[in-house]
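User: I am new to this structure and would like to learn how to read its features one by one. Could you take me through them, giving the general idea before each case?

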Amino acid sequence: RAKREGRGRVRVFETEMDQELRDRRLLQHDLRQALELNQFLVYFQPQARVDGEVIGFEALLRWNHPTRGFVPPDQFIPLAEENGLIVQIGEWVLREACREAASWPRPLQVAVNLSPVQFQAGDLERSIHQILLETGLTPTRLEVEITEGVLIGDFTRALNLLRRLKALGIRIAMDDFGTGYSSLSYLQSFPFDKIKIDRSFISNLEATPQSAEIVRAVLSLAHALNIPVIAEGVETEAQRAFLAREACEEMQGYLVGRPDLIERYFDLVGITVERRLFA
Ligand code: C2E
Ligand code: MG
Ligand code: MG
Ligand code: MG
């Protein structure tokens, strides 16, 4: 009897797997047309000094699916990486973000996430160079955020590419710091311009004493290496106060503002709504 129940359970599990697989295929199919059908949006989330002064924005991709509504990037970016679409999509995000930032009256910085696949396929340096020329954005206003996934795989190729991007004047930030396997060793291989402490350490600040110690240790290490730090996922004043006390330079999170259409932040970038509407 146990055996039969067991088999039944396996069958249910397989059906779920089939469904999941079918669903992934459907999504992947829709993803192929999403660019053409204008279903992508770029949201912007403010980045601020710990005193609250906004210094820039991170561009975050959104997919407005016709029947599913907003599909979270954590769901569709892996699919776009699987079939290589992320190269085109990533280029589109870069162009949108740079074009937007170039129109701001204040020279705030703009941060864009890059996928490891963009480092392995296509000509990332050429396309970024091209986009900067096309949009007229000063390279020093662009920051690219990479995770350690970029340095796994063809390490030498990725490293050379990072060096050439840096030579263009672009800044390189290490995203999700502390979550990977080798965050520390990557600090040794490349002179990152910024470290983004992962949200998980910040959200556990109050509840877990270890998190506070880890954040302190990252700050002390980064500062010894002369690398400024931005804390991700700052949601409360208590977290901000802790970071200010510990001399963390910058913060990003719901406390400052959620990712949203740039229109919501026009006052922060110095654009009046009137000017934008009648331009
Ligand atoms: P990320 O680059 O680490 O981005 C930060 C994520 O944390 C964003 O999720 C943001 O909405 C969320 N977040 C920010 N502040 C808070 C907060 O205070 N509390 C909480 N709970 N969450 C906060 P999002 O937009 O869903 O993006 C998820 C991930 O998808 C990003 O993580 C990034 O790895 C990836 N992603 C987003 N846009 C792009 C893109 O254009 N290209 C690539 N390659 N990846 C992207
Ligand atoms: Mg990021
Ligand atoms: Mg992050
Ligand atoms: Mg993340």
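Analyst: Let us begin with empty space. Rolling a probe the size of a water molecule over the atoms shows where empty space is left. In this model, which is predicted, the second largest pocket is lined by Phe40, Leu41, Val42, Phe44, Trp92, Glu96, Arg99, Glu100, Leu261, Ile262 and Glu263. Its volume is about 190 Å³.

User: Which elements each supply at least two residues of the lining of the second largest pocket, and how do the residues of that lining divide by class?

Analyst: Strand β1 (40–49) and helix α3 each supply at least two residues of that lining. By class, the lining of the second largest pocket consists of seven nonpolar and four charged residues, with no polar ones.

User: Glu96 and Arg99 are both in that lining. How should I read a pair of this kind?

Analyst: Side chains of opposite charge can pair when their charged atoms come close. Here glutamate 96 and arginine 99 form a salt bridge, in which the closest N and O atoms are 2.6 Å apart. The two residues are three apart in helix α3 (residues 86–102), so about one helical turn separates them. Glutamate 96 is partly exposed at a relative accessible area of 24%, and arginine 99 is also partly exposed, with a value of 46%.

User: Where else do two residues about one turn of a helix apart meet in a salt bridge?

Analyst: Look at helix α10, where arginine 240 and glutamate 237 lie three residues apart, about one turn of the helix. Their side chains meet in a salt bridge with an N to O distance of 2.9 Å. Arginine 240 counts as partly exposed at 21% relative accessibility, and glutamate 237 counts as partly exposed at 45%. Elsewhere, salt bridges that share partners join Glu143, Arg171, Lys194 and Glu250 into one network.

User: Which salt bridge links distant parts of the chain?

Analyst: One of them is formed by arginine 164 with glutamate 125, whose closest N and O atoms are 2.7 Å apart. Arginine 164 belongs to helix α6 (residues 155–167) and glutamate 125 to helix α5 (residues 124–135), and the two are 39 residues apart. Both ends are partly exposed, arginine 164 at 38% relative accessibility and glutamate 125 with a relative accessible area of 22%. The structure holds 17 salt bridges, and those discussed here are among them.

User: Now please turn to the largest pocket. What is its volume, and which residues lie nearest its centre?

Analyst: The largest pocket has a volume of about 1,200 Å³. It is lined by 43 residues, and those nearest its centre are Glu58, Leu60, Asp74, Asn113 and Asp175. Several elements, including β2, α2 (73–82), β4 (109–113) and β6, each supply at least two residues of this lining. By class, the lining of the largest pocket has 18 nonpolar, 12 polar and 13 charged residues.

User: How far apart are the magnesium ion (ligand 2) and the magnesium ion (ligand 3), and which residue coordinates both?

Analyst: The two ions are 4.1 Å apart, and aspartate 175 coordinates both. The magnesium ion (ligand 3) has Asp175 (OD), Asp176 (OD) and Glu232 (OE) as its protein donors, at 1.8 to 2.2 Å. In sequence these donor residues follow the spacing D-D-x55-E. Aspartate 175 lies in strand β6 (residues 171–177), while glutamate 232 lies 57 residues away in the loop between β8 (229–231) and α10 (237–245). Both aspartate 175 and glutamate 232 are buried.

Key. Residues are numbered from 1 along each chain as its sequence is written. Chains are lettered from A and ligands numbered from 1 in the order in which they are written. This is a predicted model: local features need pLDDT of at least 70, side-chain atom pairs count only at pLDDT 80 or more; totals for chains, interfaces and linings use all residues. Side-chain values use heavy atoms; hydrogens and water are left out. Donors are N, O and S atoms within 2.8 Å of the metal (3.2 Å for Na, K and Ca); water is not among the atoms, so sites may look incomplete. Helices (H or I, at least four residues) and strands (E, at least two) are DSSP runs, numbered from the N terminus. Buried means under 20% relative accessible area, exposed over 50%, partly exposed in between (1.4 Å probe, protein chains only). A salt bridge is a side-chain nitrogen of Lys or Arg within 4 Å of a carboxyl oxygen of Asp or Glu. On a 1 Å grid over the protein atoms alone, a cavity is a set of points where a 1.4 Å probe fits but cannot get out, and a pocket is an open set with protein on both sides within 12 Å along at least five of seven lines; lining residues have an atom within 4 Å of a point. Grid points are joined across faces, edges and corners, and a volume is the space filled by probe spheres set on the points. Ala, Val, Leu, Ile, Met, Phe, Trp, Tyr, Cys and Pro count as nonpolar, Asp, Glu, Lys and Arg as charged, and the others, Gly among them, as polar.
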